[in-house]
Amino acid sequence: MRVLVTGGAGYIGSHACKALAKAGHEPIVFDNLSTGHVGAVRWGPIVVGDIRNPADLDAALRLHKPEMVMHFAALAYVGVSMTDPGAYYGTNIGGTLCLLEAMQRAGIGEIVFSSTCATYGEPDQLPITESTMQRPINPYGFSKLAAERLLADFERAYGLKWVALRYFNAAGADPEGELGEEHDPETHAIPLAIQSALGLRGAFKVMGTDYATPDGTAIRDYVHVSDLAQAHCLAVDYLLSGGESGAFNLATGIGVSVRDIVDAVSRATGRLVPIIEGPRRAGDPEALYATGELAREVLGWTPRYISIVETVETAARWFMRAWTSAAPLKRAS
Ligand SMILES: NC(=O)c1ccc[n+]([C@@H]2O[C@H](COP(=O)([O-])OP(=O)(O)OC[C@H]3O[C@@H](n4cnc5c(N)ncnc54)[C@H](O)[C@@H]3O)[C@@H](O)[C@H]2O)c1
């Protein structure tokens, strides 16, 4: 099966390409390289193009004739979405609409979409399930919810089949060391803590130590990026076997605090993480975690990484190698 992977040069999309190739599929990356890296595209061709540009999409679909689409391409910084919502709506909603219309023109009827726990906002109850009310609290979360809505409307009107995977926090790196997280600027807690431990940036900021959690810091659910990639392959199989469209949370069910991250990073790097404690960041919910049960039951997803220590170890190995050999994904591009 030939699969068009938008955003396949990015962090999660590149891991998905590796998993697709391992499963015997052919990933065709479609990416504008705004945050992705050519060096991360190793399992098939790349078309450099923009999802907001119908001509770019039509040309890629005509040339490679994919049979299915995985849609990772997006702007994904919650903070920036607050100050530049137009860009987020343009790419995440407008770009998704362009993609769905191009798929229609090319007669492609199935898509796996990268959604997010940010569509839930601040839930009233934990753990989050797929039926928890989606009330996003920032333009990023709203743009992803709107894109989910597009999928459902395209199904009603045109028969599109879709799976939306709502990831909780993506984390870790390819255990074989071929891929990892290389964002600039970096905003995710684990790479930031690793970089602080390695002396590549200043102290790691713990934002909020007065939450009503066991150690006072905020709790999140960290899912290994290879487990996310695996779920995408299972979603392809599910759609191919005639599964009904739907949304699935991808989560471990384990809440991990910011202090747990700091401890895991110290263990994995063998160095203390220098920290500064600061006030809560506006709009940061106290705790977000989900069971991921529906994905286990319906897609047959079994996340391999449940321990945050093991997940952080894969990320730390990647970073230690990356920073001693100067950013391998960028260098390869
Ligand atoms: N990282 C997380 O924790 C997380 C959590 C939930 C959901 N997600 C979603 O997963 C997806 C991938 O996230 P990531 O962390 O790998 O981000 P990333 O920035 O590493 O990857 C995004 C990719 O999309 C490409 N892209 C951006 N705009 C484009 C456009 N207009 N046209 C073509 N390509 C474009 C970028 O160049 C990049 O390669 C995103 O949709 C994101 O919203 C990520």
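Student: Which element gives the largest share of the shell around the ligand?
Tutor: In this predicted model, the largest share comes from H1, which gives 3 residues to that shell.

Student: OK, and which residues come nearest to the ligand?
Tutor: There are 27 residues around the ligand, and those that come nearest are Gly7, Gly10, Gly36, Ala74 and Ala170. As for the elements behind the shell, two or more residues are given by each of helix H1 (11-22), helix H4 (85-106), strand E5 (110-116) and strand E7 (169-171).

Student: How many of the shell residues are nonpolar, polar or charged?
Tutor: The shell around the ligand divides into 13 polar residues, 11 nonpolar ones and 3 that are charged.

Student: Switching to the sheet, what is the order of the strands?
Tutor: The sheet is open and has 7 strands, paired in parallel, in the order E3-E2-E1-E4-E5-E6-E11. Its edge strands, each pairing on one side only, are strand E3 (46-48) and strand E11 (246-250), and from one strand to the next the twist averages 20 degrees.

Student: Over how many bridges do E6 and E11 pair?
Tutor: Strand E6, residues 161-167, pairs with E11 over 5 bridges in the parallel sense, and Ala164 stands opposite Ala247 in E11.

Student: And which strands does helix H5 lie across?
Tutor: Helix H5, residues 139-158, lies across E5, E6 and E11, and runs at about 155 degrees to E5.

Student: What about H7, which strands does that helix lie across?
Tutor: Helix H7, residues 225-240, lies across strand E1 (2-6), strand E4 (68-71), E5, E6 and E11, running at about 160 degrees to E6.

Technical notes. Residues are numbered from 1 along each chain as its sequence is written. This is a predicted model: local features need pLDDT of at least 70, side-chain atom pairs count only at pLDDT 80 or more; totals for chains, interfaces and linings use all residues. A residue is near a molecule or strand if its C-beta atom, placed from the backbone, lies within 6 Å of it. Helices (H or I, at least four residues) and strands (E, at least two) are DSSP runs, numbered from the N terminus. Ala, Val, Leu, Ile, Met, Phe, Trp, Tyr, Cys and Pro count as nonpolar, Asp, Glu, Lys and Arg as charged, and the others, Gly among them, as polar. Two strands pair if DSSP finds at least two bridges between them. Axes are lines fitted to C-alpha atoms, for helices over the stretch in contact, and angles run from 0 to 180 degrees between N-to-C directions. Two residues are in contact if their C-beta atoms, placed from the backbone, lie within 7 Å.
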